[in-house]
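Good morning, and thank you for joining.

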Amino acid sequence: MRRTSVRRLALVALAVTAVVHPVLRVVESRGGTLLPVPLLAVLVVLGIAGVVLRLGWSVRQYTRGKKPGLDPLLAARTVVLATASAYTGALLTGWYVAHALVPLGDLGIEARRELALSAGVAGLATVGLVVAGLVVERWCEIRRDEDDPGAGDAEATGDPV
């Protein structure tokens with residue numbers, strides 16, 4: 001399994017922003033109202049990032065020999081969770097960036113400034129989720145020894161647990 005490409009995640013975020021931003025502009029032009037992102041949404045995203053990091057840390061401790069007896073299924077699920085978190089974070093980053101871009105011309109108005117600020121904070125939290133996913137993917141790699149005859153290709157990229 002290969003590591004998730006940062007370039008691909010950036011393209012996902014940009015594509016979502018490019019699709020959502022015009023849709024939000026149309027919604028607002030037809031009388032719709034964008035609401036600020038609730039603080040709870042930011043806290044949930046940060047909580048998920050924390051869980052991903054915690055699970056990844058236990059796999060990292062195992063791969064470094066500091067924690068004996070890790071369930072291989074848990075390690076595999078941790079890699080999948082990390083990858084899913086990275087992609088989900090990229091999608092949500094695009095979504096919240098689009099929400100932050102809509103009110104940029106009206107920052108003199110308090111409600112619009114609040115909307116841009118809440119969406120920007122949520123966007124930063126989702127970038128944190130992306131980073132957590134990528135870090136945990138890295139932690140879940142098994143480094144093979146140079147004398148290992150089965151190392152082959154996996155030596156350069158590393159195999160996840």
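By contact I mean heavy atoms within 4.5 Å. This is a predicted model, in which local features need pLDDT of at least 70 and side-chain atom pairs count only at pLDDT 80 or more, whereas totals for chains, interfaces and linings use all residues. Residues are numbered from 1 along each chain as its sequence is written, and side-chain values use heavy atoms, with hydrogens and water left out.

The protein chain holds 5 helices and 2 strands, in the order α-α-α-α-β-α-β from the N terminus. Helices (H or I, at least four residues) and strands (E, at least two) are DSSP runs, numbered from the N terminus.

Let us turn to helix α1, residues 6–29. At its start, a side-chain oxygen of Ser5 comes to within 3.2 Å of the backbone nitrogen of Arg7. Just after α1, Gly31 adopts a positive phi of about 100°.

Which residues of α1 are buried? They are Leu9, Ala13, Val16, Thr17, Val20 and Leu24, where buried means under 20% relative accessible area with a 1.4 Å probe, protein chains only. Their cover includes α3 (72–101) and α4.

Helix α4 (residues 110–139) also contains Glu137. Beyond neighbours within four places in sequence, Glu137 contacts Arg3, Thr4, Ala82 and Thr83.

Conventions:
The expected span of a helix is 1.5 Å times one less than its number of residues. Buried means under 20% relative accessible area, exposed over 50%, partly exposed in between (1.4 Å probe, protein chains only). A polar contact is a pair of N or O atoms within 3.5 Å; within protein, one must be able to donate a hydrogen and the other to accept it, and residues adjacent in sequence count only if both atoms are side-chain atoms.
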